[in-house]
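Morning, everyone. Please have a look at the model on the screen. I'll keep this short.

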Amino acid sequence: VPKKLVTTVSGCADDAVAGLVACNPGLRLLQGHRVVLRADLPAIRGRVALLSGGGSGHEPAHAGYIGKGMLTGVVAGAVFASPSVGSVLAAIRAVAQAGAAGILLIVKNYTGDRLNFGMALERARAEGADVRMVVVGDDCAFATPGKAGRRGICGTVLIHKVAGALAEAGASLDEIEKKVMAAAKAMGTLGLSLSPCSIPGSKPSFQLAEDEMELGLGESSVSPLGPWRVLPADKAVETMLEHMTDPSNASHLSLTPGSSVVLMVNNLGGLSCLELGIVAGAAVHCLESRGIRIARALVGSFMTALEMAGVSLTLMLVDEELVGLIDAKTTAMAWPNIPAGPATTRREEVPAPTEGPRKPQDETGIGTELPSLVTHPRASVSLGKGAGVHLLSAGPGTARVQQVLERVCSTLLEMQDKLNELDRGAGDGDCGHTHARAAQAIREWMRSGPPPAAPAQLLSALADVLLEQMGGSSGVLYGLFLTAAARSLRGRSDFPAWADAMDAGIEAMQRSVPGALESQFPREFQFPPEFPCIPHRYGGAAPGDRTMLDSLFAAAQALHSLRSPGADPLQVLAAAVQSAEAAAEATRHMEAGAGRASYIRSSRLEQPDPGAVAVAAVLGAVLE
């Protein structure tokens, strides 16, 4: 496991945010949340507020871009994990109560970010807030983008700047949304890495041979283009720009001679400044050779991936208005103080000086000037026989509920390293961390008071805990599942009710809005038709897509036997666990259709899906 300069692995994201705020008088933390806001929050009254965020580990994104002329606030998740719905909603409420004239969420196109920010948006709208969401997908890696769409990467920072300048100028929410969406469509990014990165406390997210580089990777995960032989910097840059602008690439950016662009050369975290300068020069030279005008060039660390030695190139097609918005003043600490002028390799050189006059000499022939001086521990809980029968009854007693939940929590904590290992090949290696956070949150919740014994109340309360604390894609998906299952169980105490609840939960996870989230709001609540950037607004996975849904669906089919008169609930539950375990193992041979794994070539997916494995383990713990 690579060495990290952290105080604790579990607290590294909180410590990083606290350090940032401590060193910047213009920032404030929102109490009880990993949310950073402008210190002068009252100054946004009557103006549109801008919120963004995502997983930690990409510093200075996103909190480095808070300030006058950029973002109003940022919601940070754990390392490489989406922030929770609760924290996003708290940030929305904070700026709404400060008098914002509308709120725009700027979200990168990753499943977890869409899910968490999307659900928070819906809840805020139910409270009367005027909130919109723009999903940025600027990744040019995919020749044929799949169901998940293009990933949101470093170009999102340019969107922060454009939106921030418009908001500072007093533009309306409608105008900002329209112009930001247009700018996002005229933008592309491609990344290249010489080495992986590693979440604190974990092994590297992928491996590269000594003579390999990864082309087309996202914020933290591996690339659909796979490893390439290491190329010289100029050839690597040429390859990147060719792929980004290739018309046969469905996610390409159309560039023609005479086009004007903003170029962003982004250090992914571990590249030396020397290499970054070489790459920047090569990019300017290559673009100029194609007749492209580089109106502005930004070079530095804008959106990193911990210690990854790599670089990304972002191009945004611009006109005079967009250049003016990029040039507009901001107090955001991470935005560079760039000169207002174009980038070019054809600048006139300063002529070399001619030989100057000789120094006057004294009689000894020695110059009269003096020379300058150069100083150089966990344990599982055993449950008695019949636990399954008690759980599938009209309402398990509080003690039984605590025993079952404790077994689930201990199982997830014991599996943390295994789930992380499985996730390294299909995501960013944090599935174990995410489920461990859920287990710790449930334990803390049980310590605060006895859990409700009524099944509907129990599942509803667990849904709230996970939505608030778990984070990542899994937190929202489990929350959707449990909320819908709880609603299905209301007023029922028969065994078939559990089969119906399982079906209801799965249906909620599968449907995109309108659908999955509609059930959580009053029937008369109208969902707006926005979110044009993504085909499935929040979720949208189906059985066979190599996700946690595969295990849940298999278990649900087995639980249908509860609808048969005289069915033995314990035997049915045991069959459901067996089905879930078999389905999880079967994901080893599936091609991913949703989630982070869908960005990876199928030849790299050699292990079962970690989310499906986790679901089977949870059901097994309940059975035990």
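First, the ground rules. This is a predicted model, where local features need pLDDT of at least 70, side-chain atom pairs count only at pLDDT 80 or more, and totals for chains, interfaces and linings use all residues. Residues are numbered from 1 along each chain as its sequence is written, and side-chain values use heavy atoms, with hydrogens and water left out.

How many salt bridges does the structure hold? There are 24. By salt bridge I mean a side-chain nitrogen of Lys or Arg within 4 Å of a carboxyl oxygen of Asp or Glu.

Start with Arg-132 and Asp-130. Their side chains form a salt bridge, N to O 3.7 Å. Arg-132 is buried at 15% relative accessible area. Asp-130 is partly exposed at 40%. The cut-offs: buried is under 20% relative accessible area, exposed is over 50%, partly exposed is in between, with a 1.4 Å probe and protein chains only.

Next, helix α11, residues 416-424. Helices here are DSSP runs of H or I, at least four residues, numbered from the N terminus. Glu-421 and Arg-424 both sit in this helix, three residues apart, about one turn. Their salt bridge is 2.3 Å, N to O. Glu-421 is partly exposed, at 43%. Arg-424 is buried, at 12%.

Last, Asp-500 and Arg-492. Their closest N and O atoms are 2.7 Å apart, in a salt bridge. Asp-500 is partly exposed at 22%, and Arg-492 is partly exposed at 32%.

Technical notes
Helix = DSSP H or I, 4+ residues; strand = E, 2+ residues; numbered from the N terminus.
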